[in-house]
Amino acid sequence: MHWFTIVFLVALAFATGVRLWLSHRHIRYVVANRNAVPAEFSASIPLAAHQKAADYTAAKTRLGVLETLAAAALLLGFTLGGGLQFLSEAWERIFETGGYAHGIALIVSVVLVSSTADLPFALYRTFVIEARFGFNRTSLGLFFVDLAKQAALGALLLVPLVFCFLWLMARMGTMWWLYAWVTWVAFSLVVQFLYPTIFVRWFNKFAPLEDASLRSRIEGLLTKCGFRSRGLFVMDGSKRSSHGNAYFTGFGAAKRIVLFDTLISRLAPREIEAVLAHELGHFSLRHVWKRMALLFGASLAFLWVLGWLIGREWFFAALGVHAQGTAMALVLFFMAAPVFTFLLHPLTSLYSRLHEFEADAYAARHADAGDLVRALVKLYEDNATTLTPDPLHSAFYDSHPPAVLRIARLQIQRT
Ligand SMILES: [Zn+2]
């Protein structure tokens, strides 16, 4: 066996093992704390809601265990199991080997197989788990219409991008990865601009915020924070799910504020103001740009590594592929890389949690910390977010700080 095959198998076994272990810990911790609401929340969250959150978390995490196992099996099937080699040979019968059509067909078919493998999990999550806990509002019809739209959007964006990459790889010599990176950065920025203004309308309807008193309250907050936006909109999130949210999208002149209808129906105007102040904090502290800069830096490193690996025959052979080529290198690399970058997960989660604390502090300065606490408590209860995650699981995965820590900080910042 090639040394890199062994490295790959060990890394995959390690990443999968750690994931399963963390899930196991998380379920055990949540279930162990199921029968007592943490003291900080005992006055605001009833025991029944706390127990519902525990059961919901356990159900989602159990499904996650199956997904982890399925993903590992699929990865092995594609690589050492010969799946990629098989697809490549199958397309060779139709398209010229190594041509653009062959490369695009290979990549599209891999994406289709992976998406099909994810489908049973998405169906189970939406129509069994979300439905059992009263969150799902999607019909089977809407689910498949969404899926078709996502596929169309994916094809519209992915196929031209793949074509650009293959072209650069063929034409630009050993420095192709640098050109590919520039293309990727430009592509990401264009999508960042187009998604919130155009594509999102394929999925949801947006209406200007009608409620005049809420609008003037929000406009007051925007003025206080020195923020100009292109409008306040309400999105029909309730069409699919009863989970509530608010967000800012776009940048430059395209900035918009979007509130889910589910959020407006549940929170008091003061609380909505506090939630928006938190979101404004992310914007004002340039969290979006910092995250993007990090992502672009990481993708440059990734593409540089790929630029080096593409000339090594062992990279293909050790992962079960004889058919070398640019498209195969792309597929193989983006499939295998997450196995090796798995341990970076806690760092990105930590970075994200720091931003959440910063945005909370911003909200406490520009709105009322007490209102934000009340809003968060309502959202935790409504979304059945567990108040007692396993600390290690949370440190590894969670983009938001655990409820107890977050509320404790806000209580200190209350004036
Ligand atoms: Zn946030």
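Residues are numbered from 1 along each chain as its sequence is written, and side-chain values use heavy atoms, without hydrogens or water. Because the model is predicted, local features need pLDDT of at least 70 and side-chain atom pairs count only at pLDDT 80 or more, while totals for chains, interfaces and linings use all residues.

Start at the zinc ion. Its protein donors are NE2 of His 278, NE2 of His 282 and two OE entries from Glu 356. Donors here are N, O and S atoms within 2.8 Å of the metal (3.2 Å for Na, K and Ca); water is not among the atoms, so sites may look incomplete. Along the chain the donors follow the spacing H-x3-H-x73-E. Why is the arrangement of the four donor atoms irregular? The angles they subtend run from 52 to 137°. Four donors count as tetrahedral if all angles lie between 85 and 135 degrees; four count as square planar and six as octahedral if opposite donors are over 155 degrees apart and all others between 65 and 115; anything else is irregular.

His 278 and His 282 sit in α9 (residues 269-284), and because they are four residues apart, about one helical turn separates them. Helices here are DSSP runs (H or I, at least four residues), as are strands (E, at least two), numbered from the N terminus. Both histidines are buried. Buried means under 20% relative accessible area, exposed over 50%, and partly exposed in between (1.4 Å probe, protein chains only).

Glu 356 leads on to the next helix pair. In α13, Glu 356, Phe 357, Asp 360, Ala 361 and Ala 364 meet Leu 405, Arg 406, Arg 409, Leu 410 and Gln 413 of α16. Contact means heavy atoms within 4.5 Å. Helices α13 (residues 345-366) and α16 (residues 403-413) pack at about 30°, with axes 10 Å apart. Axes are lines fitted to C-alpha atoms, for helices over the stretch in contact, and angles run from 0 to 180 degrees between N-to-C directions. The two helices are therefore roughly parallel. Angles under 35 degrees count as roughly parallel, over 145 as roughly antiparallel, 65 to 115 as roughly perpendicular and the rest as oblique.

Now take α10 and α12 (residues 326-341). Their axes come within 11 Å and cross at roughly 125°. The contact is made by Phe 302, Val 305, Leu 306 and Leu 309 of α10 with residues of α12 including Phe 333, Phe 334 and Ala 337.

Two loop residues have positive phi without being glycine. Arg 286 has phi near 60° and lies in the loop between α9 and α10 (287-309). Arg 286 is exposed, at 53% relative accessible area. Ala 384 has phi of about 50° and lies in the loop between α14 (369-383) and α15 (391-397). Ala 384 is buried, at 3%.

Thr 68 belongs to α2 (residues 47-78) and is buried, at 15% relative accessibility. Beyond its neighbours within four places in sequence, Thr 68 contacts Thr 16, Arg 19 and Leu 20. Leu 87, in α3 (residues 83-92), is buried at 15%. With neighbours within four places set aside, Leu 87 contacts Phe 78, Leu 106, Ser 109 and Val 110.
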